[in-house]
Each structure stands twice: as structure tokens, then as C-alpha cells.
Amino acid sequence: MKLVTRSQWGARAYLTPNGATLYSRSRRGVKVHYLGTAYTDRAHDKCAAYVRQIQAQHMDGNGWSDIGYSFVVCTHGYVFEGRGLKRRNSANGNTALNEQDYAVMALVGSSGLTKPTGPQLDGVRDAIDHCRETGPAGNWLGGHRDGYATACPGAALYAWVQKGAPRPTTKEEDDMPISDADAEKIATKVLTIDGVIDNPNTATAKANPYISAETALRNIEIVARRTETRVAALAATNTELVKTVATLAAGLGDLDPEAIVADLTAAIEGIDIRLDATT
Ligand SMILES: [Zn+2]
Ligand SMILES: [Zn+2]
């Protein structure tokens with residue numbers, strides 16, 4: 001679960017004594033909520049500010065002692081800790097309902113973004129499992145509208161909750177063709193991300209254990225070019241050697257120059273060519 005703790009999202013301190021009220025018994029289960037107002041999806045670095053805004057609205061507008069929800073799940077699948085597992089939520093409609101179930105809210109609007117994203121469904125599922133395993137909470141699962149007059153959590157989320165909140169399959173995504181432009185973007189991103197590859201160069205690995213794929217490719221290219229130059233130089237030396245030996249052997253009378261050249265050529269070819277290929 002991608003948990004964002006209260007300190008991580010910059011939560012205000014809750015008011016006491018009400019904000020500190022603990023559940024008096026185990027929870028029956030989890031109620032799922034949506035935002036219920038217009039919502040526009042945004043980059044994840046704006047999500048914490050949005051959760052702070054909800055908290056401010058609940059505290060300053062509604063006069064509550066903290067954000068009402070137990071957890072809030074953004075469209076990117078991050079689970080923001082609201083009142084958490086121990087402190088009683090104030091989002092289910094009345095004290096008895098708050099006492100009965102956790103309140104997990106997904107940032108889904110009644111207009112604008114009205115359908116949860118795949119990562120978001122995964123995040124809500126994570127939060128439900130977290131409540132059940134650690135809360136503790138029983139297996140009951142429903143929407144805010146179960147037992148309370150409200151449209152929350154909206155048609156799309158409620159249909160998913162009624163199916164038992166299954167994790168989304170990735171089938172649809174796999175079936176979507178990636179455009180050339182997207183493929184290029186992905187490749188560029190992968191190539192330039194720092195630290196995705198273990199640095200294979202023992203001389204620099206200690207100071208710089210991870211390098212980008214782009215750096216790795218560049219290093220391979222440099223080594224390949226050096227190797228090519230060195231092999232060419234070696235080949236030239238060999239040719240010169242063979243010529244020299246042939247000239248020498250020609251002046252040796254009864255020795256067979258061809259046999260000497262053949263022996264030497266074989267010997268040269270047998271030498272392990274070792275290249276210093278460090279960059
Ligand atoms: Zn609700
Ligand atoms: Zn987010």
C-alpha cells in the first residue's frame with residue numbers, strides 16, 4: 001500500500017477531545033465514499049494540497065475536529081491517512097454509523113472525473129485490506145448510501161463495491177496499442193532515468209553505484225570504438241611481423257621459409273588478444 005502519513009501530507013493537528021475519540025469496538029467493515037462535488041484529475045504532486053483543503057473544509061467549514069474520513073485515496077492510488085485505524089471517523093452520517101464502519105474516500109467527483117482510475121481502485125482495495133487486517137474490521141463492505149440517504153459513492157464506485165471491490169485487471173491496458181510517439185517518450189524516459197542500472201565499471205562503481213541506461217549505452221559505445229582501434233593496430237602489427245619473418249627466412253638457405261612463416265602465423269593467432277577495455 002502506498003500510504004501517505006499525516007505528517008507526509010502536512011495534516012493539521014486534530015482538535016481534542018473529539019478528534020481523539022477512539023472506536024469503542026471492532027469495526028463491522030468499510031464504507032466507501034466519493035468526493036461528491038466536481039473533481040478534476042491533477043498531477044500527484046497536487047494531491048497532498050487537495051487533501052489539506054478537504055481537511056480545512058471539514059474543520060473550518062463543518063466545524064469537525066479533523067478530516068472526516070479514515071483514509072483518502074487519490075487517482076494515483078496513494079492512500080492518505082485521515083483519522084486512520086484507531087480514531088473514529090465522522091463521515092458515515094451519524095455517530096452509530098461512524099462507530100460501525102471505517103470510511104474510505106476515493107477522489108472521484110459527481111462531475112468532472114466521475115469514474116475511478118485503475119490505480120485508484122487498487123488503492124481503495126489496499127485501504128480496505130489494511131482496515132481488515134490491522135483495524136481490525138470485519139468483511140462487511142458497502143457504500144456510504146447503504147443505510148444512509150445519499151448518492152455517495154456515485155454510480156461507478158458503488159457498482160464496483162457491490163462486486164466486492166475486485167482489483168482491476170490490466171487486460172484493457174495491455175490491449176491498448178502504444179503509439180510511436182508514446183513509445184519514443186517511454187524509451188527516452190527509461191534511457192535518461194538516473195540509477196536504473198548497476199554500474200558495471202568496477203573502477204567507478206564505488207563512488208557511483210547506479211547509472212542511467214543512457215550513460216551505460218554511451219560507455220559501451222566508447223569501449224567498442226577503442227576496441228576497434230586496438231584490434232586494427234594489432235592486425236597491422238601482425239602483418240608487419242609476418243612480412244619481416246618471411247624476409248628473414250628467405251635468407252636462411254636450407255631452412256623452409258614457408259614452414260617458418262606458417263608456424264609463426266599460427267603462434268601469433270594462438271595468442272590471447274587481451275584488450276584493456278576500461279573506460
Ligand atoms: Zn460519502
Ligand atoms: Zn495522487
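Predicted model: local features only at pLDDT ≥ 70, side-chain atom pairs only at ≥ 80, totals over all residues.
Local features require pLDDT of at least 70 and side-chain atom pairs count only at pLDDT 80 or more, while totals for chains, interfaces and linings use all residues. Residues are numbered from 1 along each chain as its sequence is written, ligands are numbered from 1 in the order in which they are written, and side-chain values use heavy atoms, with hydrogens and water left out.

The protein contains 9 helices and 10 strands, taken as DSSP runs (helices H or I, at least four residues; strands E, at least two). Its radius of gyration is 34 Å, whereas a compact globule of 279 residues would have a value near 19 Å; the radius is taken over C-alpha atoms, and the globule rule is 2.2 Å times the number of residues to the power 0.38. Along the principal axes, the C-alpha atoms fill a box of roughly 115 × 40 × 30 Å.

| Property of the protein | Value |
|---|---|
| Buried residues (under 20% relative accessible area, 1.4 Å probe, protein chains only) | 33% of the 279 residues |
| Accessible surface (Shrake-Rupley method, 1.4 Å probe) | about 16,300 Å² |
| Part of the accessible surface belonging to carbon and sulfur atoms | 56% |

The zinc ion (ligand 1) is coordinated by His33 (ND1), His144 (ND1) and Cys152 (SG) at 2.0 to 2.3 Å. Donors here are N, O and S atoms within 2.8 Å of the metal (3.2 Å for Na, K and Ca); water is not among the atoms, so sites may look incomplete. Along the chain, the donors follow the spacing H-x110-H-x7-C. Of these residues, His144 and Cys152 are both buried.

Methods: Buried < 20%, exposed > 50% of the residue type's maximum accessible area, 1.4 Å probe, protein only.
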